Amino acid sequence: MSIEPTSIDAKLAEYIREHASGRDEALRLVEEETAAMGDIQIMQTAPEQAAFLELLVRLGEGRRAIEVGTFTGYGAIRIARGLADDGTLLCCELDSERAGIARRNLDRAGVGQKVEIKVGPAIETIRALPEEPSFDFAYVDAEKTGYPDYYEALLPRMNQGGLLAFDNVLMAGLIVDSDPNEHVAAMQTLNDRLVDDERVDSVMLGMGDGLTLARVR
Ligand SMILES: C[S@@+](CC[C@H](N)C(=O)[O-])C[C@H]1O[C@@H](n2cnc3c(N)ncnc32)[C@H](O)[C@@H]1O
(Lines give C-alpha, C1' and ligand atoms only; values in the text may rest on other atoms or scores of the structure.)
Protein backbone atom coordinates (compact mmCIF):
# COMPACT_ATOMS: atom_id res chain seq x y z
CA MET A 1 0.00 0.00 0.00
CA SER A 2 1.05 3.57 -0.51
CA ILE A 3 -0.19 6.74 1.11
CA GLU A 4 -3.01 8.68 -0.51
CA PRO A 5 -1.81 11.55 -2.70
CA THR A 6 -2.08 14.99 -1.11
CA SER A 7 -5.31 16.53 -2.37
CA ILE A 8 -4.64 19.85 -3.99
CA ASP A 9 -7.24 22.42 -2.98
CA ALA A 10 -7.37 25.96 -4.40
CA LYS A 11 -5.01 27.30 -1.72
CA LEU A 12 -2.36 24.64 -2.36
CA ALA A 13 -2.76 25.06 -6.13
CA GLU A 14 -2.07 28.78 -5.74
CA TYR A 15 0.95 27.98 -3.56
CA ILE A 16 2.37 25.66 -6.24
CA ARG A 17 1.72 28.30 -8.90
CA GLU A 18 3.47 31.01 -6.93
CA HIS A 19 6.49 28.72 -6.65
CA ALA A 20 6.84 28.13 -10.39
CA SER A 21 10.31 29.32 -11.28
CA GLY A 22 11.25 31.46 -14.26
CA ARG A 23 7.92 33.34 -14.33
CA ASP A 24 9.37 36.59 -15.55
CA GLU A 25 7.86 39.85 -16.78
CA ALA A 26 7.27 38.55 -20.32
CA LEU A 27 5.33 35.51 -19.05
CA ARG A 28 3.34 37.58 -16.55
CA LEU A 29 2.33 39.94 -19.35
CA VAL A 30 1.01 36.98 -21.37
CA GLU A 31 -0.86 35.76 -18.27
CA GLU A 32 -2.46 39.20 -17.81
CA GLU A 33 -3.40 39.59 -21.45
CA THR A 34 -4.81 36.08 -21.63
CA ALA A 35 -6.79 36.62 -18.41
CA ALA A 36 -8.36 39.69 -20.05
CA MET A 37 -9.74 37.47 -22.84
CA GLY A 38 -12.51 36.20 -20.55
CA ASP A 39 -13.67 32.59 -20.20
CA ILE A 40 -11.25 31.21 -22.78
CA GLN A 41 -8.36 32.13 -20.48
CA ILE A 42 -8.68 28.65 -18.94
CA MET A 43 -7.11 27.25 -22.12
CA GLN A 44 -3.74 28.75 -21.23
CA THR A 45 -1.19 26.24 -19.93
CA ALA A 46 -0.80 26.80 -16.19
CA PRO A 47 2.42 28.55 -15.07
CA GLU A 48 3.71 25.56 -13.09
CA GLN A 49 3.04 23.16 -15.96
CA ALA A 50 4.72 25.49 -18.45
CA ALA A 51 7.74 25.66 -16.13
CA PHE A 52 7.74 21.86 -16.06
CA LEU A 53 7.66 21.71 -19.88
CA GLU A 54 10.66 24.02 -20.08
CA LEU A 55 12.53 21.81 -17.62
CA LEU A 56 11.68 18.66 -19.59
CA VAL A 57 12.89 20.21 -22.86
CA ARG A 58 16.07 21.40 -21.17
CA LEU A 59 16.68 17.95 -19.64
CA GLY A 60 16.22 16.32 -23.03
CA GLU A 61 18.72 18.71 -24.59
CA GLY A 62 16.40 18.79 -27.58
CA ARG A 63 16.90 20.82 -30.72
CA ARG A 64 13.53 20.44 -32.42
CA ALA A 65 10.09 20.68 -30.80
CA ILE A 66 6.48 20.85 -31.93
CA GLU A 67 3.42 22.21 -30.13
CA VAL A 68 -0.10 21.23 -31.16
CA GLY A 69 -2.42 24.06 -30.07
CA THR A 70 -0.61 27.30 -29.23
CA PHE A 71 -3.31 29.81 -28.17
CA THR A 72 -1.50 32.93 -26.86
CA GLY A 73 1.94 31.31 -26.85
CA TYR A 74 2.43 30.82 -23.12
CA GLY A 75 3.64 27.21 -23.24
CA ALA A 76 5.48 27.89 -26.49
CA ILE A 77 7.61 30.58 -24.82
CA ARG A 78 8.73 28.11 -22.19
CA ILE A 79 9.33 25.26 -24.63
CA ALA A 80 11.41 27.59 -26.80
CA ARG A 81 13.38 28.73 -23.77
CA GLY A 82 14.19 25.12 -22.90
CA LEU A 83 15.62 24.41 -26.35
CA ALA A 84 19.26 24.76 -27.25
CA ASP A 85 20.23 28.16 -28.72
CA ASP A 86 20.00 26.78 -32.24
CA GLY A 87 16.81 24.81 -31.46
CA THR A 88 13.52 25.35 -33.27
CA LEU A 89 9.87 25.03 -32.30
CA LEU A 90 7.03 24.46 -34.76
CA CYS A 91 3.71 25.73 -33.38
CA CYS A 92 0.43 24.47 -34.90
CA GLU A 93 -2.57 26.74 -34.33
CA LEU A 94 -5.95 26.66 -36.08
CA ASP A 95 -6.99 30.23 -35.34
CA SER A 96 -5.09 32.96 -37.21
CA GLU A 97 -5.93 35.66 -34.66
CA ARG A 98 -4.51 33.55 -31.83
CA ALA A 99 -1.47 32.76 -33.95
CA GLY A 100 -0.91 36.51 -34.34
CA ILE A 101 -1.13 37.05 -30.59
CA ALA A 102 1.27 34.17 -29.98
CA ARG A 103 3.73 35.59 -32.53
CA ARG A 104 3.74 38.94 -30.75
CA ASN A 105 4.17 37.32 -27.34
CA LEU A 106 6.98 35.02 -28.51
CA ASP A 107 8.81 37.97 -30.08
CA ARG A 108 8.39 40.07 -26.95
CA ALA A 109 9.72 37.19 -24.82
CA GLY A 110 12.85 37.12 -26.96
CA VAL A 111 12.38 33.64 -28.48
CA GLY A 112 10.53 34.55 -31.67
CA GLN A 113 13.52 33.71 -33.87
CA LYS A 114 13.33 30.06 -32.75
CA VAL A 115 9.64 29.65 -33.54
CA GLU A 116 7.61 29.03 -36.68
CA ILE A 117 3.82 29.17 -36.40
CA LYS A 118 1.72 27.24 -38.92
CA VAL A 119 -1.91 28.29 -39.09
CA GLY A 120 -4.42 25.56 -39.93
CA PRO A 121 -5.61 22.16 -38.69
CA ALA A 122 -2.65 20.68 -36.84
CA ILE A 123 -3.21 17.19 -38.22
CA GLU A 124 -2.71 18.53 -41.74
CA THR A 125 0.42 20.43 -40.72
CA ILE A 126 1.89 17.30 -39.10
CA ARG A 127 0.97 14.94 -41.95
CA ALA A 128 2.58 17.35 -44.43
CA LEU A 129 5.92 16.93 -42.63
CA PRO A 130 8.29 14.21 -43.86
CA GLU A 131 7.46 10.90 -42.16
CA GLU A 132 10.88 10.52 -40.59
CA PRO A 133 12.23 11.12 -37.09
CA SER A 134 13.09 14.76 -36.48
CA PHE A 135 11.43 16.01 -33.26
CA ASP A 136 12.83 15.64 -29.75
CA PHE A 137 9.82 17.05 -27.93
CA ALA A 138 6.09 17.34 -28.66
CA TYR A 139 3.40 19.06 -26.58
CA VAL A 140 -0.16 18.13 -27.54
CA ASP A 141 -2.74 20.62 -26.27
CA ALA A 142 -5.42 21.13 -28.95
CA GLU A 143 -8.94 19.72 -29.45
CA LYS A 144 -9.32 16.51 -27.52
CA THR A 145 -11.04 14.41 -30.18
CA GLY A 146 -7.84 14.63 -32.20
CA TYR A 147 -5.47 13.21 -29.59
CA PRO A 148 -5.28 9.58 -30.84
CA ASP A 149 -4.61 10.87 -34.38
CA TYR A 150 -2.01 13.36 -33.15
CA TYR A 151 -0.25 10.54 -31.34
CA GLU A 152 -0.10 8.28 -34.39
CA ALA A 153 0.92 11.12 -36.70
CA LEU A 154 3.63 12.41 -34.37
CA LEU A 155 5.16 9.09 -33.32
CA PRO A 156 7.00 8.29 -36.59
CA ARG A 157 8.27 11.87 -36.63
CA MET A 158 9.85 11.65 -33.17
CA ASN A 159 13.50 10.82 -32.60
CA GLN A 160 14.34 7.78 -30.49
CA GLY A 161 14.35 8.98 -26.88
CA GLY A 162 12.11 11.90 -27.80
CA LEU A 163 9.32 12.89 -25.43
CA LEU A 164 5.62 13.45 -26.11
CA ALA A 165 3.56 15.35 -23.53
CA PHE A 166 -0.26 15.21 -23.65
CA ASP A 167 -2.27 17.73 -21.65
CA ASN A 168 -5.77 17.30 -20.15
CA VAL A 169 -5.63 13.51 -19.99
CA LEU A 170 -7.97 13.53 -16.95
CA MET A 171 -10.59 15.70 -18.69
CA ALA A 172 -11.57 17.46 -15.46
CA GLY A 173 -12.25 14.07 -13.87
CA LEU A 174 -14.65 12.89 -16.61
CA ILE A 175 -12.07 10.41 -17.88
CA VAL A 176 -13.55 7.73 -15.60
CA ASP A 177 -17.09 8.20 -16.99
CA SER A 178 -18.68 5.00 -18.25
CA ASP A 179 -20.88 6.95 -20.70
CA PRO A 180 -18.33 9.40 -22.10
CA ASN A 181 -18.93 12.18 -24.61
CA GLU A 182 -16.80 12.09 -27.79
CA HIS A 183 -14.02 14.24 -26.30
CA VAL A 184 -13.67 12.05 -23.22
CA ALA A 185 -13.98 8.88 -25.33
CA ALA A 186 -11.08 10.02 -27.53
CA MET A 187 -8.95 10.67 -24.47
CA GLN A 188 -9.87 7.26 -23.04
CA THR A 189 -8.72 5.74 -26.34
CA LEU A 190 -5.36 7.46 -26.09
CA ASN A 191 -4.87 6.68 -22.39
CA ASP A 192 -5.75 3.01 -22.87
CA ARG A 193 -3.51 2.70 -25.92
CA LEU A 194 -0.50 4.18 -24.14
CA VAL A 195 -0.59 1.72 -21.24
CA ASP A 196 0.30 -1.27 -23.40
CA ASP A 197 2.05 0.48 -26.27
CA GLU A 198 5.46 -1.11 -26.78
CA ARG A 199 6.63 1.84 -28.86
CA VAL A 200 6.89 4.10 -25.80
CA ASP A 201 7.46 4.21 -22.05
CA SER A 202 4.77 6.38 -20.51
CA VAL A 203 3.55 7.80 -17.24
CA MET A 204 0.40 9.74 -16.37
CA LEU A 205 0.91 12.59 -13.91
CA GLY A 206 -1.84 14.14 -11.79
CA MET A 207 -0.53 17.63 -12.55
CA GLY A 208 -3.23 20.17 -13.42
CA ASP A 209 -5.82 18.39 -15.57
CA GLY A 210 -3.47 15.45 -16.04
CA LEU A 211 -0.30 15.30 -18.10
CA THR A 212 0.97 12.14 -19.77
CA LEU A 213 4.60 11.81 -20.75
CA ALA A 214 5.56 9.20 -23.34
CA ARG A 215 9.21 8.58 -24.24
CA VAL A 216 9.86 6.98 -27.61
CA ARG A 217 11.76 3.67 -27.40
C1 LIG B 1 -5.69 24.65 -24.76
S2 LIG B 1 -5.32 25.81 -26.01
C3 LIG B 1 -3.59 25.72 -26.15
C4 LIG B 1 -2.88 26.36 -24.98
C5 LIG B 1 -1.39 26.58 -25.22
N6 LIG B 1 -0.72 25.32 -25.48
C7 LIG B 1 -0.74 27.28 -24.08
O8 LIG B 1 0.40 26.92 -23.73
O9 LIG B 1 -1.34 28.20 -23.49
C10 LIG B 1 -5.85 24.95 -27.43
C11 LIG B 1 -5.56 25.67 -28.75
O12 LIG B 1 -5.69 24.70 -29.79
C13 LIG B 1 -6.22 25.37 -30.91
N14 LIG B 1 -6.81 24.32 -31.77
C15 LIG B 1 -8.02 23.75 -31.64
N16 LIG B 1 -8.20 22.83 -32.61
C17 LIG B 1 -7.08 22.85 -33.36
C18 LIG B 1 -6.67 22.15 -34.53
N19 LIG B 1 -7.45 21.24 -35.09
N20 LIG B 1 -5.45 22.42 -35.03
C21 LIG B 1 -4.64 23.35 -34.45
N22 LIG B 1 -4.99 24.04 -33.35
C23 LIG B 1 -6.19 23.80 -32.82
C24 LIG B 1 -7.22 26.35 -30.34
O25 LIG B 1 -7.48 27.41 -31.26
C26 LIG B 1 -6.50 26.80 -29.09
O27 LIG B 1 -5.81 27.99 -29.31
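The buried residues of helix H8 (residues 182–195) are covered by elements that include helix H7 (147–154), S5, S6 and S7. Here contact between two residues requires C-beta atoms, placed from the backbone, within 7 Å. Helices (H or I, at least four residues) and strands (E, at least two) are DSSP runs, numbered from the N terminus. The model is predicted: local features need pLDDT of at least 70, side-chain atom pairs count only at pLDDT 80 or more, and totals for chains, interfaces and linings use all residues. Residues are numbered from 1 along each chain as its sequence is written.

The buried residues of H8 are Val184, Met187, Leu190, Asn191 and Leu194. They lie on the same side of H8, because the arc they cover around the axis is only 120°; the arc is that of the directions from the helix axis to the C-beta atoms. Glu182 and Asp192, on the other side of H8, are exposed. A residue is buried if 20 or more other C-beta atoms lie within 10 Å of its own, exposed if 12 or fewer, and partly exposed in between, with C-beta atoms placed from the backbone. The 14 residues of H8 should span 20 Å at 1.5 Å a residue, and this agrees with its end C-alpha atoms, which are 20 Å apart. The expected span is 1.5 Å times one less than the number of residues in the helix.

Two strands pair if DSSP finds at least two bridges between them. Strand S5 (residues 158–167) runs antiparallel to strand S7 (residues 211–216), and 5 bridges join them. In this pair, Asp167 stands opposite Leu211 in S7. Strand S6 (residues 200–205) also pairs with S7 in the antiparallel sense, over 6 bridges, and Ser202 stands opposite Ala214 in S7. S6 and S7 form a hairpin with 5 residues between them, and Gly208 in the turn has a positive phi of about 55°.

The loop between S5 and H8 contains Asn168 and Ala172. Most residues other than glycine have a negative phi. Asn168, not a glycine, has a positive phi of about 65°, and Ala172, also not a glycine, has a positive phi of about 55°. Asn168 counts as buried because it has 20 C-beta neighbours inside 10 Å. Ala172 is exposed, with 9 other C-beta atoms within 10 Å.

In helix H2 (residues 25–35), the buried residues are Leu27, Val30 and Thr34. Their arc around the axis is only 55°, so they are on the same side of H2. On the other side of H2, Glu25, Arg28, Glu32 and Ala35 are exposed. The buried residues of H2 pack against H4 and helix H5 (96–108).

Of the 20 residues around the ligand, Thr45, Gly69, Phe71, Gly75 and Ala122 come nearest. Helix H4 (74–82) and strand S2 (88–93) are the elements that give two or more residues to this shell. A residue is near a molecule or strand if its C-beta atom, placed from the backbone, lies within 6 Å of it. By class, the shell has 8 nonpolar, 7 polar and 5 charged residues. Ala, Val, Leu, Ile, Met, Phe, Trp, Tyr, Cys and Pro count as nonpolar, Asp, Glu, Lys and Arg as charged, and the others, Gly among them, as polar.
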